[in-house]
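Thanks for coming, everyone. Let me put the model on the screen, and then we will walk through it.

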Amino acid sequence: MGFSVHLQGKIAHEALLSRQDAEIRLMDSMKRWIVNKVKCDRDYAISLSSTAAQGLKTTPGDDLAGSLVATSWRSIMEELDNTAKQIRQNADSIESKALDALNSLNVEKRKVRKLYQEEHTRILLQFTHLSDEVNRKKTEYQKYLELYKLMRSRFEEHYVKSGRGGRKLDDVRDKYQKACRKLHLTHNEYVLLLCEAVEFEKDFRTVLLPGLLEHQQSLQEAFILSLKHILQEIANNSDLSSEKFREIHKRIENCLDTIKPHEEYKDFTEKYKSTPAEPIKFTFDESLVEDSAGKLLPNQLTVDNLTVEWLRTKLNDLEASIKENQEKRNQLTNSHEGLANGKTTPTSEINNRLSTNVDTSKKEINELKCQERKMLKQTELIKSALNELGCEEVPSGCDLSLDNQTFISNSSEQGGSETHLSKRSPFNHQKLVKMLRKPFRRKSAPSSPVAPPRTRHSRSDSAPRSEGGDPVSITTNKSLVDEEWFHGVLPREEVVRLLTTDGDFLVRETTRNDECQTVLSVCWGGHKHFIVQTTAEGHYRFEGPAFPSIRELILYQFNSSLPVTGRSGAILYKPIPKERWELNNDDVNLLDKLGRGNFGDVYRAQLKNSNEIVAVKTCRVTLPEEHKKKFLQEGRILKQYDHPNIVKLIGICVQKQPIMIVMELVPGGSLLTFLRKKSSNLTDAQLMKMCLDAAAGMRYLESKNCIHRDLAARNCLVGYNNVVKISDFGMSREEEEYIVSDGMKQIPIKWTAPEALNFGYRMPAPDNTPDEMYRLMVRCWEYKPEVRPNFEQIYTVVDTLCAAYRVSFL
Ligand code: AMP
């Protein structure tokens, strides 16, 4: 299948030319590619070399002394640099050899193509020329043949006409002979030409064209061979598995072989070997709880109303987390076993990978176990703290009454039932709690189930009793609510004030989650509140036996001298009777509404036993417990005071809801309304007297360290003979000092001290205000509290003014 045989046709010739053009274009592309490749390789070599240099630079020194990995790493970086150099060298080689060769080849190729084309054209032209000659000769031949025929016919004609002589005949003969000669010559020329053409045609077909084509083929093939060599050169210089690279790689392998995990830390361990760390002990810093009045104990969870819900939620969360943790751990354990047994590991490569997974899952399992242990410990701690509570009502975390028990001294020896604030004395509750938690020495059981045991705590005939009442005793035939020591819904804050000595107890009711619960409150190293438990049979118990009625249960606890619960050790010694203030709700008959207070309506009412007409403040049943406590605060404060200008407390009704405060009825109603309606009918002297009443009331409160905090005409009442009485002690406080707190939500602006408002305005004097009175008012608004007059001084000024009125009246 050579060119000479198969490519003689015209189409083949043109195709061969196109082919050569295409080959030239291919070589051009190759050239461009080589240039690019060389550039890429050089760039790569530069980058590689710089990363190797970077790698060497960032290798930490001393810290990795003796590290096989570090040594190996350095060698690898060096080899990487060698790789870069080799790549660079190869690129140079490609450029100098392959590219140059390709350039020359390209030039040659163009030349050869040109020559082929020229040669082909030349021999083809030769052939065409000869063919043309033959045709031309043939045409000439025909022309001379015609001439010969003409001359011969003329000669024959004359010959016949003129005989054998004559000049004309000679002339015609001569012409005939010439034509004949021309014809013969042309004939010969034609014959010779044909001979030449035949020969040439044969040569053209069998020698010249095949020769040209054969030559061309051999040239082209030689080019291809050269190209092959060039490409081979490129390939050789691009072979990353060439001997040189293999050597580099071998050296890298050797470096890697030097890395031996078990030897890696030999030097390091030798250098830094030290004894294992001592376990760190986390201990509770007991100083943290020193001032917590025994409410917080070291290493013990505090279960009280502030924390109990949190603890329960925490417990639930922990239990859920433990469950989740366990499920996760089980899953991991199963898959870990699967992996370790190699069930799913057919190939060694996968085996290798899985061995890492085995380690990972082992680690995860261990972590989960640790987490679980931690959570289980916390769960145990919370559970035991909650369990310890048993039937005890959740104690108050912020028992203000407990504080008062400590800080308010009962001044009975000072001739009254008032409770005064005394300076806070340091009191180590923690010590007390600890002391009281010592094992309790059991008293012998009482002889009679109803008679209280005779202990230093127990009540005897001399037991105290609410004013004028019978001594408190626990007797039969009474219902619980009739017992003097049943205090109805008296709030816990009030209850703890009554229980002052260990063994003091009372029974009350409380509402929790809309459920009415009966609570036994006992003073025992603080205050304990036990919720009476109901058995499935409808009986009542604490930790001991159950009884058909709560009253019997309390009697049992009282008579047996057994602790209410093992944990508390609380024993009932002295039933605390209702105070004389504690009235039954049924003792009061509400008549008509007088007004509306912050917590509920205020009624005119009648006391059933005495028919006395009184005022009764009610507390809306729907109000939250906090508000109810606040409501009773007014009663608690008022019960200490007895003054003609302070509204008098008659009692509180806490046997059941709604709780109520019973007060003397002050018939004139609020001073504000009174003044708005009737001030025009009053003389200045009368008005000044009303001021004096208010000042007298306030002077009295001041002497009791009571700060009303809401003194205003609307909070004063007007009684018979226009006597003014201070009322509405809802915001009042018993304090040594008046501390402005954020708690004052609704501030009575006109009556509030300026520094409390930081407010520059001073009200102008109302009409007819005596100068002395306005001066007093302005002094009351002094910016600095210490410059303001106290109520003693105010009273004196107002009293002097009143006296002046009296004198002028006289
Ligand atoms: P308070 O809750 O103290 O503001 O009382 C609301 C309203 O009830 C007052 O404005 C008076 O009209 C009326 N009120 C309160 N206490 C008495 C009382 N002891 N005697 C007569 N009315 C009273």
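Start in helix α4, where Lys 178 and Asp 174 both sit, 4 residues apart, about one turn of the helix. Keep in mind that this is a predicted model. The two side chains form a salt bridge, with the closest N and O atoms 3.9 Å apart. How accessible are the two ends? Lys 178 is exposed, at 57% relative accessibility. Asp 174 is partly exposed, with 34%.

How many salt bridges does the structure hold? The count is 47. In general terms, side chains of opposite charge can pair when their charged atoms come close.

Now a second pair within a helix. Arg 19 forms a salt bridge with Glu 23, and their closest N and O atoms are 3.2 Å apart. Both belong to helix α2, residues 10-57; because they are 4 residues apart there, about one helical turn separates them. Is Glu 23 buried or exposed? Glu 23 counts as buried, at 15% relative accessibility. Arg 19, by contrast, counts as exposed, at 53%.

Glu 233 bridges to Lys 97, with the closest N and O atoms 3.8 Å apart. Glu 233 is in helix α4, residues 167-238, while Lys 97 is in helix α3, residues 68-162. The two are 136 residues apart. Both ends are partly exposed: Glu 233 has a relative accessible area of 21%, and Lys 97 has 46%.

On to surface patches. Where does negative charge gather? Asp 285, Glu 286, Glu 290 and Asp 291 form a negative patch on the surface. Take Asp 291 from that group. Asp 291 is in the loop between α7, residues 266-272, and α8, residues 308-340. Its relative accessible area is 78%, so Asp 291 is exposed.

Tyr 265, Phe 268 and Tyr 272 make it, and the area is about 360 Å². Tyr 272 lies in helix α7. Tyr 272 is partly exposed, with a relative accessible area of 45%.

Now inside. In soluble globular proteins, nonpolar side chains tend to be buried together. The largest nonpolar core here has 42 residues. Which residues have the most contacts inside it? They are Tyr 641, Ile 646, Leu 701, Ile 726 and Phe 729. Several helices and strands each supply at least two residues of this core, including α12 (492-498), α14 (625-638), β13 (649-653) and β17 (724-726). Helix α16 gives the most, with 5 residues.

One last stop, Leu 776. Leu 776 lies in helix α18, residues 771-780. Is Leu 776 buried or exposed? At 4% relative accessibility, Leu 776 counts as buried; the cut-off for buried is under 20%.

Methods. Residues numbered from 1 in each chain as written. Predicted model: local features only at pLDDT ≥ 70, side-chain atom pairs only at ≥ 80, totals over all residues. Heavy atoms only, no water. Patch = residues over 30% accessible without salt bridge, like charges linked within 9 Å, V, L, I, M, F, W, Y side chains within 5 Å. Areas by Shrake-Rupley, 256 points an atom, 1.4 Å probe, with all protein chains shown as cover. Salt bridge = Lys/Arg side-chain N within 4 Å of Asp/Glu carboxyl O. Lys, Arg positive; Asp, Glu negative; His and termini not counted. Charge placed at Lys NZ, Arg CZ, Asp CG, Glu CD. Buried < 20%, exposed > 50% of the residue type's maximum accessible area, 1.4 Å probe, protein only. Core = buried A, V, L, I, M, F, W, Y, C linked by side-chain atoms within 4.5 Å.
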